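Thanks for asking me to look this one over with you.

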Amino acid sequence: MKKILKDTCILAALMILSVFSISIIWSGITDEIGLVLKLFGLAFIIAVANFLFDEFVNLSIVVSYIIKYFAITGIVMLYGFIVGWFYPSNFWMAFIYVGVVLVLAYFIDSFIVKKDIKYINSKIADRSNEAK
Amino acid sequence: MEIITRQVKEKPLTVTIEYPEYNESVSTLVRKISSMDVNFSASIDERQVKIGLSEVYYIENVERKLFIYTIKEVYRLDSSMAEVEAMTADTDLVRISRTCIMNTNHLKEIRQLKNSRLEAVLDNDEMLIVSRKYLKDIKRFFQKGRV
(Lines give C-alpha, C1' and ligand atoms only; values in the text may rest on other atoms or scores of the structure.)
Protein backbone atom coordinates (compact mmCIF):
# COMPACT_ATOMS: atom_id res chain seq x y z
CA MET A 1 0.00 0.00 0.00
CA LYS A 2 2.81 2.37 0.96
CA LYS A 3 4.58 1.75 -2.34
CA ILE A 4 1.34 2.30 -4.29
CA LEU A 5 0.75 5.63 -2.51
CA LYS A 6 4.36 6.69 -3.11
CA ASP A 7 4.19 5.70 -6.78
CA THR A 8 0.84 7.53 -7.11
CA CYS A 9 2.37 10.75 -5.77
CA ILE A 10 5.43 10.46 -8.03
CA LEU A 11 3.27 9.67 -11.05
CA ALA A 12 0.90 12.57 -10.29
CA ALA A 13 3.88 14.94 -9.99
CA LEU A 14 5.31 13.69 -13.29
CA MET A 15 1.92 14.02 -14.99
CA ILE A 16 1.48 17.57 -13.72
CA LEU A 17 4.99 18.53 -14.80
CA SER A 18 4.73 16.96 -18.25
CA VAL A 19 1.20 18.29 -18.96
CA PHE A 20 2.16 21.79 -17.81
CA SER A 21 5.43 21.71 -19.73
CA ILE A 22 3.48 21.01 -22.94
CA SER A 23 0.87 23.65 -22.01
CA ILE A 24 3.63 26.27 -21.62
CA ILE A 25 4.44 25.81 -25.32
CA TRP A 26 0.85 26.68 -26.34
CA SER A 27 -0.33 29.14 -23.75
CA GLY A 28 2.80 30.35 -21.94
CA ILE A 29 3.06 30.44 -18.16
CA THR A 30 -0.48 31.04 -16.90
CA ASP A 31 -1.27 31.76 -13.22
CA GLU A 32 -2.12 28.09 -12.55
CA ILE A 33 1.04 26.81 -14.20
CA GLY A 34 3.09 29.45 -12.40
CA LEU A 35 1.63 28.41 -9.05
CA VAL A 36 2.43 24.74 -9.62
CA LEU A 37 5.99 25.53 -10.76
CA LYS A 38 6.46 27.72 -7.68
CA LEU A 39 5.21 24.88 -5.47
CA PHE A 40 7.67 22.51 -7.10
CA GLY A 41 10.43 25.07 -6.53
CA LEU A 42 9.50 25.38 -2.87
CA ALA A 43 9.29 21.59 -2.46
CA PHE A 44 12.78 21.27 -3.99
CA ILE A 45 14.28 23.86 -1.61
CA ILE A 46 12.62 22.20 1.41
CA ALA A 47 13.77 18.74 0.28
CA VAL A 48 17.38 19.98 -0.04
CA ALA A 49 17.23 21.67 3.39
CA ASN A 50 15.71 18.53 4.93
CA PHE A 51 18.37 16.30 3.33
CA LEU A 52 21.21 18.49 4.62
CA PHE A 53 19.65 18.66 8.09
CA ASP A 54 19.26 14.87 8.34
CA GLU A 55 22.77 14.32 6.98
CA PHE A 56 24.60 16.64 9.34
CA VAL A 57 22.42 16.90 12.45
CA ASN A 58 21.55 14.02 14.74
CA LEU A 59 19.17 15.18 17.45
CA SER A 60 16.17 13.61 19.13
CA ILE A 61 13.10 13.30 16.93
CA VAL A 62 11.17 16.00 18.86
CA VAL A 63 14.01 18.55 18.80
CA SER A 64 14.62 17.76 15.11
CA TYR A 65 11.02 18.49 14.26
CA ILE A 66 10.93 21.69 16.32
CA ILE A 67 14.05 22.98 14.52
CA LYS A 68 12.65 21.83 11.17
CA TYR A 69 9.36 23.58 11.96
CA PHE A 70 11.01 26.96 12.43
CA ALA A 71 13.51 26.46 9.58
CA ILE A 72 10.87 25.34 7.08
CA THR A 73 8.44 28.05 8.18
CA GLY A 74 11.23 30.57 7.61
CA ILE A 75 11.87 29.16 4.13
CA VAL A 76 8.14 29.13 3.28
CA MET A 77 7.71 32.73 4.50
CA LEU A 78 10.74 34.01 2.62
CA TYR A 79 9.73 32.14 -0.53
CA GLY A 80 6.11 33.24 -0.08
CA PHE A 81 7.12 36.90 0.16
CA ILE A 82 9.39 36.58 -2.92
CA VAL A 83 6.73 34.95 -5.12
CA GLY A 84 3.90 37.09 -3.71
CA TRP A 85 1.92 34.49 -1.75
CA PHE A 86 2.11 36.35 1.54
CA TYR A 87 1.56 39.90 2.60
CA PRO A 88 2.54 41.47 5.94
CA SER A 89 -1.04 40.81 7.13
CA ASN A 90 -1.21 37.06 6.49
CA PHE A 91 2.38 35.80 6.70
CA TRP A 92 1.60 34.06 10.02
CA MET A 93 -0.44 31.53 8.05
CA ALA A 94 2.86 29.89 7.05
CA PHE A 95 3.16 28.73 10.67
CA ILE A 96 -0.19 26.92 10.37
CA TYR A 97 0.49 25.38 6.94
CA VAL A 98 3.93 24.10 7.93
CA GLY A 99 2.69 23.06 11.38
CA VAL A 100 -0.06 20.83 9.99
CA VAL A 101 2.31 19.12 7.53
CA LEU A 102 5.04 18.63 10.14
CA VAL A 103 2.71 17.28 12.84
CA LEU A 104 1.51 14.66 10.37
CA ALA A 105 5.09 13.93 9.27
CA TYR A 106 6.19 13.62 12.92
CA PHE A 107 3.56 11.00 13.75
CA ILE A 108 4.20 9.03 10.57
CA ASP A 109 7.98 9.20 11.15
CA SER A 110 7.67 8.08 14.80
CA PHE A 111 5.44 5.20 13.78
CA ILE A 112 7.75 4.07 10.95
CA VAL A 113 10.87 4.28 13.15
CA LYS A 114 9.23 2.10 15.83
CA LYS A 115 8.09 -0.38 13.18
CA ASP A 116 11.56 -0.53 11.58
CA ILE A 117 13.27 -1.09 14.94
CA LYS A 118 10.84 -3.89 15.73
CA TYR A 119 11.49 -5.49 12.34
CA ILE A 120 15.30 -5.27 12.64
CA ASN A 121 15.29 -6.64 16.20
CA SER A 122 13.03 -9.53 15.16
CA LYS A 123 15.49 -10.40 12.36
CA ILE A 124 18.40 -10.28 14.80
CA ALA A 125 16.46 -12.55 17.18
CA ASP A 126 15.77 -15.00 14.31
CA ARG A 127 19.45 -15.02 13.44
CA SER A 128 20.43 -15.71 17.06
CA ASN A 129 17.91 -18.54 17.29
CA GLU A 130 19.22 -20.07 14.04
CA ALA A 131 22.77 -19.92 15.37
CA LYS A 132 21.85 -21.80 18.57
CA MET B 1 21.10 -27.60 0.74
CA GLU B 2 23.91 -30.04 0.04
CA ILE B 3 27.48 -29.11 0.90
CA ILE B 4 30.24 -30.86 -1.03
CA THR B 5 33.90 -30.22 -0.23
CA ARG B 6 36.83 -31.76 -2.02
CA GLN B 7 40.53 -31.19 -2.19
CA VAL B 8 41.94 -30.07 -5.54
CA LYS B 9 45.64 -29.44 -5.04
CA GLU B 10 46.41 -27.54 -8.24
CA LYS B 11 43.66 -24.94 -7.89
CA PRO B 12 43.25 -22.01 -5.52
CA LEU B 13 40.30 -22.10 -3.12
CA THR B 14 37.26 -22.21 -5.40
CA VAL B 15 33.61 -22.11 -4.41
CA THR B 16 30.98 -23.26 -6.90
CA ILE B 17 27.34 -22.58 -6.14
CA GLU B 18 24.73 -24.59 -8.01
CA TYR B 19 21.10 -23.55 -7.72
CA PRO B 20 17.81 -24.43 -9.40
CA GLU B 21 16.89 -20.74 -9.58
CA TYR B 22 18.60 -17.56 -8.50
CA ASN B 23 16.87 -16.16 -5.41
CA GLU B 24 17.58 -14.09 -2.30
CA SER B 25 19.20 -17.02 -0.50
CA VAL B 26 21.64 -17.57 -3.35
CA SER B 27 22.33 -13.86 -3.51
CA THR B 28 23.04 -13.74 0.24
CA LEU B 29 25.24 -16.81 0.00
CA VAL B 30 27.29 -15.22 -2.79
CA ARG B 31 27.56 -12.01 -0.77
CA LYS B 32 28.67 -13.90 2.34
CA ILE B 33 31.35 -15.84 0.48
CA SER B 34 32.54 -12.77 -1.40
CA SER B 35 32.82 -10.84 1.85
CA MET B 36 35.26 -13.46 3.16
CA ASP B 37 37.72 -12.12 0.62
CA VAL B 38 37.44 -8.52 1.80
CA ASN B 39 40.42 -7.42 3.84
CA PHE B 40 41.46 -4.04 5.10
CA SER B 41 45.06 -2.88 5.18
CA ALA B 42 45.28 -0.95 8.41
CA SER B 43 47.99 0.14 10.78
CA ILE B 44 48.59 0.01 14.49
CA ASP B 45 51.74 1.21 16.27
CA GLU B 46 53.31 1.81 12.85
CA ARG B 47 52.78 -1.84 11.90
CA GLN B 48 50.76 -2.76 8.82
CA VAL B 49 48.17 -5.49 9.37
CA LYS B 50 45.43 -7.16 7.38
CA ILE B 51 42.01 -7.22 9.04
CA GLY B 52 39.33 -9.58 7.81
CA LEU B 53 35.81 -8.28 7.44
CA SER B 54 34.42 -10.57 10.12
CA GLU B 55 36.79 -9.07 12.70
CA VAL B 56 35.49 -5.55 12.08
CA TYR B 57 32.92 -4.28 14.56
CA TYR B 58 32.64 -0.84 13.06
CA ILE B 59 34.54 1.76 11.07
CA GLU B 60 34.41 5.33 12.22
CA ASN B 61 35.44 8.61 10.71
CA VAL B 62 36.95 10.83 13.40
CA GLU B 63 38.12 14.24 12.20
CA ARG B 64 38.58 12.95 8.65
CA LYS B 65 40.61 9.95 9.79
CA LEU B 66 39.21 6.45 9.55
CA PHE B 67 39.52 3.94 12.34
CA ILE B 68 38.60 0.26 12.39
CA TYR B 69 37.31 -1.06 15.68
CA THR B 70 37.68 -4.77 16.37
CA ILE B 71 36.81 -6.51 19.62
CA LYS B 72 40.13 -5.51 21.21
CA GLU B 73 42.01 -3.06 19.04
CA VAL B 74 41.57 0.14 17.14
CA TYR B 75 43.39 0.40 13.82
CA ARG B 76 44.02 3.37 11.59
CA LEU B 77 42.73 2.88 8.07
CA ASP B 78 44.35 4.86 5.29
CA SER B 79 41.30 5.23 3.11
CA SER B 80 38.22 7.37 2.66
CA MET B 81 34.66 6.69 3.77
CA ALA B 82 33.54 6.53 0.12
CA GLU B 83 36.25 3.95 -0.70
CA VAL B 84 35.27 1.81 2.27
CA GLU B 85 31.60 2.04 1.29
CA ALA B 86 32.39 0.94 -2.26
CA MET B 87 34.55 -1.92 -0.98
CA THR B 88 31.89 -3.17 1.42
CA ALA B 89 28.85 -2.62 -0.80
CA ASP B 90 27.77 -6.26 -0.88
CA THR B 91 28.92 -7.27 2.55
CA ASP B 92 27.45 -7.29 6.04
CA LEU B 93 28.72 -3.78 6.72
CA VAL B 94 26.12 -1.06 6.63
CA ARG B 95 26.29 2.67 7.18
CA ILE B 96 24.52 3.81 10.35
CA SER B 97 25.44 7.47 10.44
CA ARG B 98 27.40 10.03 8.47
CA THR B 99 30.58 8.94 10.26
CA CYS B 100 30.08 5.26 11.04
CA ILE B 101 29.80 1.94 9.19
CA MET B 102 28.76 -1.02 11.34
CA ASN B 103 29.16 -4.78 10.90
CA THR B 104 25.61 -6.13 11.24
CA ASN B 105 26.98 -9.54 12.22
CA HIS B 106 27.91 -8.02 15.58
CA LEU B 107 24.62 -6.17 16.01
CA LYS B 108 22.70 -7.31 19.08
CA GLU B 109 19.87 -4.81 19.15
CA ILE B 110 18.64 -1.43 17.96
CA ARG B 111 16.91 0.62 20.60
CA GLN B 112 15.24 3.95 20.90
CA LEU B 113 16.38 6.03 23.83
CA LYS B 114 14.08 8.22 25.94
CA ASN B 115 15.05 11.28 23.93
CA SER B 116 14.08 9.33 20.76
CA ARG B 117 17.66 8.99 19.57
CA LEU B 118 18.57 5.60 18.19
CA GLU B 119 21.31 3.37 19.45
CA ALA B 120 22.86 0.16 18.12
CA VAL B 121 24.06 -2.27 20.76
CA LEU B 122 26.87 -4.58 19.60
CA ASP B 123 27.61 -8.05 20.94
CA ASN B 124 30.53 -6.63 22.95
CA ASP B 125 27.98 -4.26 24.57
CA GLU B 126 29.44 -1.26 22.85
CA MET B 127 26.83 1.30 21.78
CA LEU B 128 26.77 3.35 18.61
CA ILE B 129 24.52 6.23 17.66
CA VAL B 130 22.30 5.43 14.68
CA SER B 131 21.05 8.25 12.53
CA ARG B 132 17.32 7.94 11.73
CA LYS B 133 18.19 8.63 8.11
CA TYR B 134 20.20 5.39 7.91
CA LEU B 135 17.73 3.19 9.81
CA LYS B 136 16.12 2.39 6.45
CA ASP B 137 19.48 1.08 5.15
CA ILE B 138 19.79 -1.28 8.12
CA LYS B 139 16.24 -2.51 7.57
CA ARG B 140 16.92 -2.98 3.85
CA PHE B 141 19.97 -5.06 4.71
CA PHE B 142 17.87 -7.42 6.83
CA GLN B 143 15.18 -7.51 4.14
CA LYS B 144 17.71 -8.77 1.60
CA GLY B 145 17.33 -12.19 3.19
CA ARG B 146 19.77 -14.32 5.04
CA VAL B 147 21.05 -17.83 4.62
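**Notes on the model**

1. Let's begin with a strand pair in chain B. Strand E9 (residues 118–122) of chain B pairs with E10(B) in the antiparallel sense, over four bridges. If you want one spot to look at, take B:Glu119, whose bridge partner in E10(B) is B:Ile129. Please keep in mind throughout that this is a predicted model.

2. That pair belongs to an open sheet of three strands in chain B, ordered E8-E9-E10, with antiparallel pairing. Which strands stand at the edges? They are E8 and strand E10 (127–130) of chain B; each has a single partner strand, so one side of each is left without a neighbour in the sheet. On average, and with direction ignored, neighbouring strands of this sheet are turned by 25 degrees against each other.

3. Next, the contact between the chains. Here 19 residues of chain B are in contact with 16 residues of chain A. On the side of chain B that touches chain A, the elements that give two or more residues are strand E8 (107–112) and helix H3 (132–143) of chain B. The largest share of that side, six residues, comes from H3(B). By class, the side of chain B that touches chain A has eight charged, six nonpolar and five polar residues.

4. As background, nonpolar side chains tend to be buried together in soluble globular proteins.

5. B:Ile68 deserves a look of its own. Which residues is B:Ile68 in contact with, leaving aside its neighbours within four places in sequence? The list is B:Phe40, B:Ala42, B:Ile51, B:Val56, B:Ile59, B:Tyr75 and B:Leu77.

6. Finally, chain A. Its domain assignment gives domain 1 (1–56) and domain 2 (58–132). The C-alpha centres of these two domains of chain A lie 19 Å apart. Six residues of domain 1 of chain A are in contact with seven residues of domain 2 of chain A. On the domain 1 side of that contact, five residues are nonpolar, one is charged and none is polar.

Note on methods
Residues are numbered from 1 along each chain as its sequence is written. Chains are lettered from A and ligands numbered from 1 in the order in which they are written. This is a predicted model: local features need pLDDT of at least 70, side-chain atom pairs count only at pLDDT 80 or more; totals for chains, interfaces and linings use all residues. Two residues are in contact if their C-beta atoms, placed from the backbone, lie within 7 Å. Ala, Val, Leu, Ile, Met, Phe, Trp, Tyr, Cys and Pro count as nonpolar, Asp, Glu, Lys and Arg as charged, and the others, Gly among them, as polar. Domain bounds come from an automatic or database domain assignment. Two strands pair if DSSP finds at least two bridges between them. Axes are lines fitted to C-alpha atoms, for helices over the stretch in contact, and angles run from 0 to 180 degrees between N-to-C directions.
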